[in-house]
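User: Could you take a close look at one part of this structure for me? I'd like to hear about the charged side chains and how they pair up.

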Amino acid sequence: MDATSGKAAGKTVKAADSGPPGPRGNGRNAIMNAARDVFAERGYFGASIRDIAKRADMSLSALYYYYSGKAELFHALIEDSLHDYFRHCEKELAQAGDDPAARLAALVRVTVDYRVRRRVESLLTLQELRYLEPEYRNPIIERRHAVSGLFQKAIDDGMAGGVFRTPHPDDARRAVMAMCNAVAQWYDPSGDLGTTELCDRYVRLAFALVGHDEAAAR
């Protein structure tokens with residue numbers, strides 16, 4: 001996950017409080033659910049706005065009331081998932097307090113959990129983001145940088161306080177983030193490994209990478 005909210009420049013999404021008749025569902029939610037499915041099945045280029053409208057059980061004109069086209073809809077789908085990620089980060093970091101180890105553990109848990117819960121959006125970002133125009137792609141890239149900054153601060157604070165002892169903190173940060181992000185590519189929720197156990201395992205791996213002796217810190 002490597003970035004702050006913001007609509008793409010020059011694009012606005014109309015409010016849903018006074019629009020045309022929507023789908024037999026919840027308007028924007030129905031569109032987002034349909035878009036998630038169609039993009040996952042066909043990729044960005046393979047999907048069409050007509051496919052998404054049909055899956056959402058609504059007319060093209062109704063869909064265009066909410067979104068100007070496929071690019072804006074794809075951006076909105078990813079942005080919604082990233083808002084969810086940052087909301088969980090904020091909550092867990094507040095509970096972690098100032099301890100760098102607790103903050104790193106919180107970031108690892110939130111990221112792994114996000115990659116499990118939002119697997120489709122994670123894979124779409126990884127595989128399809130490059131096809132978006134810069135006005136839609138760049139805000140998402142900025143969010144990625146913001147995520148990297150959260151991990152960087154936790155590790156920098158841990159190094160400064162002698163809590164983490166790795167001789168290669170930048171490499172450790174990249175490795176921690178890479179292993180968390182890769183969960184979306186292999187994790188099977190129907191398997192024997194539950195999300196809680198997976199998060200615990202990845203926290204221990206992250207501590208090993210940054211050189212944190214959890215037992216000695218107790």
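Analyst: Glu-79 counts as buried because its relative accessibility is 10%, under the 20% cut-off. This is a predicted model, and in it the side chain of Glu-79 meets that of Arg-143 in a salt bridge, at 2.9 Å from N to O. The two come from distant parts of the chain: Glu-79 sits in helix 4 (residues 70–96) and Arg-143 in helix 7 (residues 134–160), 64 residues apart. Arg-143 is buried too, with a relative accessibility of 4%.

That pair belongs to a count of 14 salt bridges. Some of the others join up: Arg-36, Asp-80, Asp-84, Arg-87, Asp-113, Arg-117, Arg-118 and Glu-121 are linked in a network. Within it, Asp-113 and Arg-117 pair at 2.7 Å, N to O. Both lie in helix 5 (residues 100–117), 4 residues apart, or about one turn of the helix. Asp-113 is partly exposed at 23% relative accessibility, and Arg-117 is partly exposed at 38%.

Arg-118 and Glu-121 make another salt bridge, at 3.0 Å from N to O, and here both residues are buried. The axes of helix 1 (residues 28–46) and helix 6 (residues 119–128) come within 10 Å and cross at roughly 35°, and the crossing is left-handed.

Note on methods:
Residues are numbered from 1 along each chain as its sequence is written. This is a predicted model: local features need pLDDT of at least 70, side-chain atom pairs count only at pLDDT 80 or more; totals for chains, interfaces and linings use all residues. Side-chain values use heavy atoms; hydrogens and water are left out. Axes are lines fitted to C-alpha atoms, for helices over the stretch in contact, and angles run from 0 to 180 degrees between N-to-C directions. A crossing is left-handed if the near helix is turned anticlockwise from the far one by less than a right angle, and right-handed if clockwise. A salt bridge is a side-chain nitrogen of Lys or Arg within 4 Å of a carboxyl oxygen of Asp or Glu. Buried means under 20% relative accessible area, exposed over 50%, partly exposed in between (1.4 Å probe, protein chains only).
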